[in-house]
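Reader: I am new to reading protein models, and I would like to go through this one slowly, question by question. Could you take me through it and show how each answer is reached?

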Amino acid sequence: MKILGVTACPTGIAHTYMAAEAIEKAAKAKGYDVKVETRGSVGVENALTDADIASADVIVLACDMASPTDRFIGKKLIAVGVAEAIKHASEIIDLGQEVESFDGTVKQTKLGGSKEKEEKKGLFGFLKK
């Protein structure tokens, strides 16, 4: 299984990289291939390629700010906040396998019994197609 991630927070310093590390650690613990794109204060690092996306089984979008999503249409995608990814990366990866293919409408998942939140314009209204 191949897991891709995208992490981004407004300041792009600690939480962006903490979420990336949590996703990588959780995926590797399950024996999965993993690559995480970070969108931090220094810009985009470890950018996902078209080939990466084409071969991905699940994409974890852990963003609290703008990140392009149209490149993920047709892939299994789970969207969460950065804090959720830091705290619950393993659960998120497991849940990501159960979601339907992404149709362009980001549905943010909250763990711990909270309801799923759908945003037509994207996660927190920041994500753009």
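This is a predicted model: local features need pLDDT of at least 70, side-chain atom pairs count only at pLDDT 80 or more; totals for chains, interfaces and linings use all residues.

Reader: How far does α1 reach from its first C-alpha to its last?

Author: Helix α1 takes in residues 14-29, which is 16 residues, and at 1.5 Å a residue a span of 22 Å is expected. The span found in the model is close to that expectation, and from the first C-alpha to the last it comes to 22 Å.

Reader: Which residue with a positive phi follows α1?

Author: After the helix α1 comes a residue whose phi is near 80°, a positive value, and this residue is Gly-31.

Reader: Where is a positive phi found in a residue other than glycine?

Author: The residue has a phi near 60° and is Asn-46. As for its place in the chain, Asn-46 sits in the loop between β3 and α2 (50-55).

Reader: Is Ala-19 buried or exposed?

Author: Ala-19 belongs to helix α1, and, leaving out residues up to four places away in sequence, Ala-19 touches Thr-7, Val-82, Ala-85 and Ile-86. Its C-alpha is 8.5 Å from that of Ala-8, a residue eleven places away in sequence. The relative accessibility of Ala-19 is 0%, and residues under 20% count as buried, so Ala-19 is buried.

Reader: What is the distance in space between Glu-37 and Leu-48?

Author: Glu-37 lies in strand β2 and counts as buried, at 1% relative accessibility. Apart from neighbours within four places in sequence, Glu-37 has contacts that include Val-6, Glu-45, Leu-48 and Arg-71. Although Glu-37 and Leu-48 are eleven residues apart in sequence, their distance from C-alpha to C-alpha is 6.1 Å.

Reader: With which residues is Glu-45 in contact, leaving aside its neighbours within four places in sequence?

Author: Glu-45 is part of strand β3 (residues 43-45), and its relative accessible area of 34% makes it partly exposed. With those neighbours left aside, the contacts of Glu-45 are Tyr-17, Val-36, Glu-37 and Thr-38.

Reader: Is Glu-84 buried or exposed?

Author: Glu-84 lies in helix α3, and, not counting residues up to four places away in sequence, it touches Ala-89, Ile-92, Lys-110 and Leu-111. Because its relative accessible area is 16%, which is under the cut-off of 20%, Glu-84 is buried.

Reader: Which residues is Leu-95 in contact with, again leaving aside neighbours within four places in sequence?

Author: Leu-95 is found in helix α3 and is partly exposed, with a relative accessible area of 29%. Leaving those neighbours aside, Leu-95 is in contact with Ile-78 and Leu-111.

Reader: What volume does the largest pocket have, and which residues are closest to its centre?

Author: The volume of the largest pocket is about 230 Å³. Eleven residues line this pocket, and the closest to its centre are Leu-77, Val-99, Glu-100, Ser-101 and Lys-107.

Reader: How do the residues of that lining divide by kind?

Author: Sorted by kind, the lining of the largest pocket holds four nonpolar, three polar and four charged residues.

Methods: Residues are numbered from 1 along each chain as its sequence is written. Side-chain values use heavy atoms; hydrogens and water are left out. On a 1 Å grid over the protein atoms alone, a cavity is a set of points where a 1.4 Å probe fits but cannot get out, and a pocket is an open set with protein on both sides within 12 Å along at least five of seven lines; lining residues have an atom within 4 Å of a point. Grid points are joined across faces, edges and corners, and a volume is the space filled by probe spheres set on the points. Ala, Val, Leu, Ile, Met, Phe, Trp, Tyr, Cys and Pro count as nonpolar, Asp, Glu, Lys and Arg as charged, and the others, Gly among them, as polar. Helices (H or I, at least four residues) and strands (E, at least two) are DSSP runs, numbered from the N terminus. The expected span of a helix is 1.5 Å times one less than its number of residues. Buried means under 20% relative accessible area, exposed over 50%, partly exposed in between (1.4 Å probe, protein chains only). Contact means heavy atoms within 4.5 Å.
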